Amino acid sequence: MEFLNLHRVNASYEAEVRAAIDRVLSSGYYILGEEVHGFEREFADYCGVKHCVGVANGLDALHLILRAYDIGVGDEVIVPANTFIATWLAVSMVGAQIVPVEPDGATWNIDPARIEDAITPRTRAIIPVHLYGNPAAMDAITDIARRHRVRVIEDAAQAHGAMYRGRRAGSLGDAAGFSFYPGKNLGALGDGGAITTNDDELADTLRKLRNYGSSVKYQHDIAGVNSRLDEIQAAILRLKLKHLDVENARRSAAANVYRELLDKAPVEMICPTDGAQSVWHLFVIRTPARDALRQYLTDRGIGTQIHYPIPCHRQAAYVDHHWPDLPVTERLQEEILSLPMSPYLTPDDVAYAAGHVRAFFGS
């Protein structure tokens with residue numbers, strides 16, 4: 001039982017994918033054409049926002065948002081200590097100071113109760129991550145941000161379609177960055193990303209930034225970059241967006257089976273954020289016996305992953321920085337294990353994996 005088989009994820013759309021690629025080839029227009037513009041309109045509508053700006057990947061999405069808000073050297077940005085390194089790298093790329101905040105013990109997302117103490121006069125933004133597809137506690141976070149007049153930038157790379165109090169991820173802060181890496185709930189067949197926002201001025205700046213600082217050919221108003229969503233990937237994302245809610249529902253059904261079957265097992269499972277509807281990008285459990293359990297499952301043909309085995313502050317890229325003690329994050333990274341999760345899992349597949357977890361513990 002593989003952890004994730006992307007061929008199986010995409011196989012049912014093969015004919016549509018080939019047709020989409022043929023459509024782009026026949027158009028003769030391959031950069032910022034109708035497929036990108038069409039996807040931007042459709043994804044903005046899906047997320048419930050005014051603007052979507054397609055970019056090359058999820059890291060660029062976060063980086064360009066920070067640049068567009070003129071956040072840089074001398075500024076501080078609050079980020080989760082427990083996240084994929086891209087969240088941190090985006091802050092480093094603009095020269096701002098990373099301020100890591102520990103996760104909540106139940107949701108494993110950034111803990112709003114700890115954010116207030118991390119804010120200083122130099123704080124310019126908070127980047128909550130909707131980790132594993134479970135939205136962060138955005139009411140509390142946006143309340144803190146309003147009181148301190150700082151931006152809220154969602155890292156929604158794992159949360160395509162997730163809901164929080166009736167609103168989609170991507171519409172809950174000042175702006176949001178998405179990744180369309182192939183393994184995401186809404187995945188391309190290569191790299192891709194997008195930014196969503198209701199801020200007209202921000203969207204205009206972002207469209208220039210992604211395209212060499214230009215909105216008129218050969219006229220460059222700002223020092224931009226080359227970070228444009230590809231026409232072929234946009235065409236594929238347009239067709240897959242139509243199936244996203246159905247696939248997310250299948251993930252939720254699989255997660256419900258996991259939660260039922262593992263309810264009495266001696267493992268911790270994420271407690272979904274109050275008012276949120278996770279899209280279960282990953283199904284993650286926690287146990288001090290993680291390494292032994294992982295080997296046990298591997299020996300029985302069940303693939304697993306660790307998201308993420310080394311916390312950001314322990315990575316070589318950040319070893320020279322002075323970080324506060326982050327014991328909650330470090331303990332999590334020693335104990336978490338991701339079980340198979342995808343839209344093609346059947347109840348029998350989930351029962352097979354969960355049954356072996358229970359067998360390991362003798363339950």
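Trainee: How should I read threonine 273, as buried or exposed?

Mentor: The general idea is to look at relative accessible area, found with a 1.4 Å probe on protein chains only, where under 20% means buried, over 50% means exposed, and anything in between means partly exposed. Threonine 273 has a relative accessible area of 8%, and therefore it is buried. Before we go on, please keep in mind that this is a predicted model, in which local features need pLDDT of at least 70 and side-chain atom pairs count only at pLDDT 80 or more, while totals for chains, interfaces and linings use all residues. Residues are numbered from 1 along each chain as its sequence is written, and side-chain values use heavy atoms, with hydrogens and water left out.

Trainee: Where in the chain does threonine 273 lie, and which residues is threonine 273 in contact with?

Mentor: Helices (H or I, at least four residues) and strands (E, at least two) are DSSP runs that are numbered from the N terminus. Threonine 273 lies in the loop that joins strand E12 (268-269) to strand E13 (276-277). Contact means heavy atoms within 4.5 Å, and, once neighbours within four places in sequence are set aside, threonine 273 is in contact with Thr107, Asn109, Asn134, Pro135, Ala136, Ala137 and Tyr164.

Trainee: What can I learn about threonine 196, which has its place in strand E9?

Mentor: Threonine 196 sits within strand E9, residues 193-197, and it counts as buried because its relative accessibility is 0%. Not counting residues up to four places away in sequence, threonine 196 touches Phe43, Cys47, Val49, His51, Cys52, Gly170, Ala175, Ala176 and Phe178.

Trainee: How is glycine 355 to be read, as buried or partly exposed?

Mentor: Glycine 355, found in helix H13 (residues 347-360), has a relative accessible area of 32% and is therefore partly exposed.

Trainee: How many residues does the largest nonpolar core have?

Mentor: A nonpolar core is a set of buried Ala, Val, Leu, Ile, Met, Phe, Trp, Tyr and Cys residues joined through side-chain atoms within 4.5 Å. The largest one here has 30 residues, and those with the most contacts inside it are Leu66, Val77, Val91, Ile153 and Ile195. Two or more residues are given to this core by each of strand E1 (51-55), helix H4 (58-68), strand E2 (76-80), helix H5 (86-93) and helix H8 (200-209), and H4 provides the largest share, 5 residues. Apart from this core lies another, of 25 residues, among them Ala44, Cys52, Leu186 and Leu241.

Trainee: Which residues of H5 are buried, and what covers the buried residues of H5?

Mentor: The buried residues of H5 are Ala86, Thr87, Trp88, Ala90 and Val91, and their cover includes H4, E2, strand E3 (97-101) and strand E5 (151-155). Just after H5, glycine 95 takes a positive phi of about 85 degrees.

Trainee: At what angle do H3 and H9 pack?

Mentor: Axes are lines fitted to C-alpha atoms, for helices over the stretch in contact, and the angles between N-to-C directions run from 0 to 180 degrees. Helix H3 (residues 34-47) packs on H9 at an angle of about 35 degrees, and their axes are 8 Å apart. From H3 the contact uses Glu34, Glu35, Val36, Gly38, Phe39, Glu42, Phe43 and Tyr46, and from H9 it uses Glu231, Ala234, Ala235, Leu237, Arg238 and Leu241.

Trainee: How do H2 and H9 cross?

Mentor: The axes of helix H2 (residues 14-27) and helix H9 (residues 231-241) come within 9 Å and cross at roughly 140 degrees. Their contact is made by Glu16, Val17, Ala20, Ile21, Arg23 and Val24 of H2, together with Glu231, Ile232, Ala235, Ile236 and Leu239 of H9. An α-helix has 3.6 residues a turn, so residues three or four places apart point the same way.
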